[in-house]
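My entries follow in the order in which I made them.

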Amino acid sequence: MSAPRPGGPVSWGSWLLSGATAAGVAAVYLPRVQRTVPGGDSGELITAACELGVAHPPGYPVFTLLSRLALDLLPLGSPAYSVNVLAGLLGAMAAGALCFSVCRLHDAGPGAVLAGGAFALSRLAWQWAMVAEVFSLNNLFVGLLFSLAACFRSAETCGQRRKYGQLGALCCGLGLCNQHTFVLYVVVIVPWVLHRLHTHQELSVRTVVLLGTCFLVGFLPYLYLPLSSTLNRARWSWGDQTTLSGLVTHLLRAEYGTFSLAKTESRVGMARMLEAQLDHCVKDLSPPVLVLAGMGLIMLSWDRGRRAITWLLAAMLCLYSLFFAWRANLDINRPLFLGVVERFWMQSDAVLCVLAGLGLSAACTGLGQWQGGGPLWRAAGWAVTAGLLAHLAQSNYRLCDQRDNTVVDRFARNVLRSIPSGSIVLTRGDLPGNSLRYLHFCHGLRPDLRLVEQEMMTYGWYVAKLGRHLPGVHFPGLWWDPVLSERGETFSLEQFLSHNSQRPVFACIGLPEGDPSWERAFSRWPWGVCDQLVPSSTPFHPEEWARRTRNLYNWTEPYKSFPRESWEKVANEEMWQARMKTAFFLFDLAERQSSAGGGKTHLYELSYSLYREIVETHSDYPSNWDKNLALASERLLRAGGGGHSPESLLNQSIAHFSLYLDKEGGDPQASAIREAIAHLERERRRLRELYTT
């Protein structure tokens, strides 16, 4: 079963096969990368490269510097396109590294191509290599770590082991400059390296010092963080790394929660998280790849020469999966949060693909030795590899082809163009914050606006570091804290708005619930996906506001046209719901009026007209539009009809309540809605009987 133990210099066959795999993946990837800004963290990462600022914790200095290099060396028309291409190239190199790992651990054959190709063409790896994200770079570091471990294991001389050990230590340090989850592989491989050196009687104080020095050299990119923060030239940057405590806070992600995905404690449990990861492996890597991975683990466990590194890979997989399932504090029952969590499964997918490649190589070699006809079994291995890769490519091509995806870019452009000149825009969340900042800073779009991130104002460094880059914005304290706003150092939202009353202020998307102070002196008027915050004394003219907000955006994407876990779906949903915000606001305004009268009826009528207009304009729309139109019809009927016939209002209410139940039968209020429909039908019969008599 055992193939000859590889050792000595790396063969040209391994280099050629790995290079060909990387080139083939690049040929698939690069024509399909996204041309514009993606959703999620991509806008912020690209902006950090444009401004030479610091990205969110832990800072990602290697990715930021590589992205800046890509902006200079790959001028492809937009910064987003250049950095997206960089991500594709890094993803292709990761596939080549995984291929090279199997070449060194077994041979340069079909198993090696399967390892690199299956990983590259799996949904997650392919999807996240199309956009500017740190995951392709992390995949590359994982592949390099596997390759160096394979070379270290195969080394025949003390000098070779020393060289590969030191390169591996450098790789570990650099990898930790990109993504903290890499440490779970580092803590497994370091004891293994030290044990092998001890076994060869090569472990000494000098060796450990050299390895530690190489490891620390890998951390040198982190010097970029205090340098950028000290210069403070970036108009957008996260944190204050000019002090040791500030730097440590950023590196440990203390503002998020160290080794947590977000500032939340919502969990689904380890068992549910592991089950979801297994479902992903079966669906996205395919059962044959998992079977081959199991074969590789079992077959090579009997091979004394490869047993140790096989168990090393298995230990990495188990430790990573268990630890991540424990610390991933997001509710994966929500599709968007599942999309956030599943990106981190790529690191364990790389192990499975290498084991699958080893399994196929071991099977071909073993069958050739047992049955004879080695070339025939090798040809069968190539056929299996080609079939599996073709299946993965065919399954994931349409989803991962992002060349025509401009949804987030158009969302951000529509929002920016709709904001009146000279306004302050309070952003909230990744979708508006990162996409608007990218267009504002990297493209220079709407330089008259001032973008202020709501969450960032709660950090003590925000006003001190970025306030100087926001001319005309007045901060009445050092940070936003509604609980302690009377101390003088902090301020509430009401105080912020009062100090910036000379400019229009818009909140996109929404306001945090923890500070209702603005309600004392300000009102919130709908403006598309945003809201304008105006002094309560400002007169509100319903017809004028309806006219101004009726067609804010040029949005033509069909409803429900994107995967549930995607940022494109979130952007599309926001744009669709923006069409009804004024109608909803007018309805709510009428509901809050204590006395009946012409003004209340007029608001109901205007709300009804706006709802009816958008419902009749579109054939497919959000289900809550039906419910809201039905409610508006019913309230207008109760208020006297406002010039509309009672029967037409009854028909509208009954029809759209019924349509809503057809779409949302599981609504907790379904029984109450059915009772309302029955009551309205009785009223309609009574009305018709009255007419007939």
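I looked up Cys281 and found that it counts as buried because its relative accessibility is 5%; buried means under 20% relative accessible area, exposed over 50%, and partly exposed in between, with a 1.4 Å probe and protein chains only. The closest cysteine sulfur to that of Cys281 belongs to Cys353, and at 9.0 Å it is too far for a bond. My cut-off for a disulfide is a pair of cysteine sulfur atoms within 2.5 Å. Cys400 is in no disulfide either, with the nearest cysteine sulfur, in Cys353, 14 Å away. Cys400 counts as buried, at 1% relative accessibility.

I noted the ground rules: this is a predicted model, in which local features need pLDDT of at least 70, side-chain atom pairs count only at pLDDT 80 or more, and totals for chains, interfaces and linings use all residues. Residues are numbered from 1 along each chain as its sequence is written, and side-chain values use heavy atoms, with hydrogens and water left out.

Next I asked how many disulfides the rule gives. The count is two. One joins Cys50 to Cys442, S to S 2.4 Å, and is right-handed, with 120 degrees about the S-S bond. Cys50 is in helix 2 (residues 42-51) and Cys442 in helix 20 (residues 430-442), so the bond ties together parts 392 residues apart in sequence. Helices (H or I, at least four residues) and strands (E, at least two) are DSSP runs, numbered from the N terminus. Cys50 and Cys442 are both buried.

Cys508 and Cys530 form a disulfide with their sulfur atoms 1.8 Å apart. The link of Cys508 and Cys530 is right-handed as well, with 110 degrees about the S-S bond. It runs from strand 5 (residues 505-508) to strand 7 (residues 530-535), with Cys508 and Cys530 22 residues apart. Cys508 is buried at a relative accessible area of 0%, and Cys530 is buried, also at 0%. In sequence order of the bonded cysteines, the pairing is 1-2, 3-4.

I then went back to the helix that ends at residue 285. Helix 13 (residues 270-285) packs on helix 17 (residues 346-371) at about 55 degrees, with the axes 12 Å apart. Axes are lines fitted to C-alpha atoms, for helices over the stretch in contact, and angles run from 0 to 180 degrees between N-to-C directions. That angle makes helix 13 oblique to helix 17; under 35 degrees counts as roughly parallel, over 145 as roughly antiparallel, 65 to 115 as roughly perpendicular, and the rest as oblique. Which residues meet there? Gln277, His280, Cys281 and Leu285 of helix 13 meet Ser348, Asp349, Leu352 and Cys353 of helix 17, contact being heavy atoms within 4.5 Å.

Last, I checked the backbone. Most residues other than glycine have a negative phi, and most peptide bonds are trans. Ser286 has a positive phi, near 85 degrees, and sits in the loop between helix 13 and helix 14 (287-301). Ser286 is buried, at 4% relative accessibility. Arg446, not a glycine, has a positive phi of about 55 degrees; Arg446 lies in the loop between helix 20 and strand 2 (450-453). The Pro57 to Pro58 peptide bond is cis, with omega near 10 degrees. A cis peptide bond also joins Cys508 and Ile509, with omega about -5 degrees.
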